[in-house]
Amino acid sequence: MTTSSSAFSPAPGAPAASALPAPHPRRWLILVLAWAAFTMTSLDRSVWGPAAPSVGQALGVALASLGVFATCYYIGYVVSNFLGGLASDWVGPRVVLTASMVLAGAGMVFFGSVESFALGLVAQALVGFFAGADYSAGAKSISSWFSGRERTFAVGLFTTATSLGTVVANLVVPTMIAEHGWRLSYHLFGAISIVLGLVIAVLHRSRPPQAEGAELATPAAPRTPHLGRVLRSRDLLVLGIAGFFSLWGTYGFITWSNTLMIEGKGIDPVHAGGIVALFAITAVVMKPVIGLVAGRVPFHRKYLAAGILVLFALMLLVFGALGSLPAFYIAAPVLGFAAYCYSPIQNALILDYAGAGDSGSAAGTLNAVWQLGSVVVPTVVGAVFASTGSVYSAFVTLAIGPLLAALLMLPLSGRFRSAAPEDEATTPEPAAGPAAG
């Protein structure tokens, strides 16, 4: 076992550290574009939380059935995570990011115009299907343009998108709904997504110039994805299951927290939105910090992620037992830290275990598995709440996920296919099970 989480021991057949791309000034623009796309799809997804009660009233949908909309979204999201990962390795992330933003934005506009329950489900599935490809394309971009500890920091910045989208949605959408109705929020954010997609088409590049020049001489560019190599990695498979239970808690909370506070605790909708926004603001600040810390801790990063997940489970139980508005505001930042800050570590580990060549396929495949938790949990929590009438029972259901995820992080090894000179292990880890890749 390696003694440092930042020590990389390449698996057999892994590229040498010197083969990784040299730093290029454009990499920060690439990161900003990938981050902006991920932020917009996260914002589009997070609009549902504060909009759900109004959508239910407008379309005549019972409270317990509102989770079906989120489930339809995540079904589409899971499918396109997988396909988008393969496409990112095959045709490059610029094409995938552009298509994802333009078509997801069009789906948002469509949902804002529907008048029936059935069409609403179709629209949510379409938005999810087109939005889901941007994560793997962004991960592929980071893997191509960044290496070593700088890449861990870049992943931390990139993953602030999920929490920032929640912040913006919960600060803006409740007031927008109160003044203009829920449809405007879907039309507005859909249009912004389309414009951003066109900007990405112009400014993004899939690979650094030196990588492009090097690959012109080889017939492997663009390369066919090697999905089998991803599926044969024990570490990636375990990480996939851990992520499933992690997102069970995170997106279950995002989907249901507004409604549970409004309907179960009597919290005003604007205050409920403010509480969830504060929950997510903490993560926006702390994710890059965790990205920096995770690359420098003197132990395997899996332990840091597991500790955060245990805190997440405990805070869900605490949050579900609260009854006063000030208490919710006090607990929200701690819950926000725990609900999001395991994410940069898990996302960086995907790139470490997969290597740069398979990073798109690995990120897309694992995020598809992760998002299955998001597919199942809205309906499960809705059923628990409807059958028990207990807000606390709903939060207990959410807390089971991160607790199991914490346990699943422990078997991960320290054998990485991606390496950088400053991260190479002085003492390689003995082989334990199948090689990662």
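**Helix packing and two residues, in conversation**

Modeller: Let's begin with a pair of helices: α4 (residues 93-111) and α9 (residues 182-203) pack with their axes 7 Å apart, at an angle of about 160 degrees. Bear in mind that this is a predicted model.

Colleague: Thanks! Why is α4 called roughly antiparallel to α9?

Modeller: Angles over 145 degrees count as roughly antiparallel. The angle here is about 160 degrees, so α4 is roughly antiparallel to α9. As for handedness, α4 passes α9 in a left-handed crossing.

Colleague: And what classes of residue make up the contact of α4 with α9?

Modeller: That contact has 17 nonpolar residues, together with six polar and two charged ones.

Colleague: Now for α1 and α4. What makes α1 roughly parallel to α4?

Modeller: The cut-off for roughly parallel is an angle under 35 degrees. Helix α1 (residues 27-46) packs on α4 at about 25 degrees, with the axes 11 Å apart. That angle is what makes α1 roughly parallel to α4. On the α1 side the contact is made by Ala34, Ala37, Met40, Thr41 and Asp44, and on the α4 side by Leu97, Met101 and Met108. Sorted by class, these are six nonpolar, one polar and one charged. The α1 and α4 crossing is left-handed.

Colleague: How do you know that α3 is roughly parallel to α6?

Modeller: The axes of α3 (residues 67-90) and α6 (residues 133-145) cross at roughly 30 degrees and come within 7 Å. Since under 35 degrees counts as roughly parallel, α3 is roughly parallel to α6. In this pair the crossing of α3 past α6 is right-handed.

Colleague: Which residues of α3 and α6 meet?

Modeller: From α3 come Tyr77, Ser80, Asn81, Gly84, Gly85, Ser88 and Asp89, which meet Ala133, Asp134, Tyr135, Ser136, Ala137 and Lys140 in α6. They divide into four nonpolar, six polar and three charged.

Colleague: Let's turn to single residues. Why does Ile290 count as buried?

Modeller: Buried means under 20% relative accessible area. Ile290 is at 7%, so Ile290 counts as buried. You will find Ile290 in helix α13 (residues 269-294). Apart from neighbours within four places in sequence, Ile290 is in contact with Ile308, Phe337, Cys341 and Ile345. Ile290 and Tyr342 are 52 residues apart along the chain, and their C-alpha atoms are separated by 8.3 Å.

Colleague: And Leu231? What makes Leu231 partly exposed?

Modeller: Buried stops at 20% and exposed begins over 50%, with partly exposed in between. Leu231 has a relative accessible area of 44%, so Leu231 is partly exposed. This residue, Leu231, sits in helix α11 (residues 227-231). Once neighbours within four places in sequence are left aside, Leu231 is in contact with Leu237 and Thr365.

Colleague: Now the whole chain, please. How many helices and strands does the protein chain have?

Modeller: The protein chain has 18 helices and zero strands. Of its 437 residues, 59% are buried.

Colleague: What share of the contacts with a separation of 6 or more joins residues 24 or more positions apart?

Modeller: Such residues account for 87% of those contacts in the protein chain. As for the surface, the protein chain exposes about 15000 Å², with 73% of it supplied by carbon and sulfur atoms.

Definitions and conventions
Residues numbered from 1 in each chain as written. Predicted model: local features only at pLDDT ≥ 70, side-chain atom pairs only at ≥ 80, totals over all residues. Heavy atoms only, no water. Axes fitted to C-alpha atoms, helices over the stretch in contact; angles between N-to-C directions. Helix = DSSP H or I, 4+ residues; strand = E, 2+ residues; numbered from the N terminus. Parallel < 35°, antiparallel > 145°, perpendicular 65-115°, else oblique. Left-handed = near helix turned anticlockwise from the far one by under 90°. Contact = heavy atoms within 4.5 Å. Nonpolar A, V, L, I, M, F, W, Y, C, P; charged D, E, K, R; others polar. Buried < 20%, exposed > 50% of the residue type's maximum accessible area, 1.4 Å probe, protein only. Areas by Shrake-Rupley, 256 points an atom, 1.4 Å probe, with all protein chains shown as cover.
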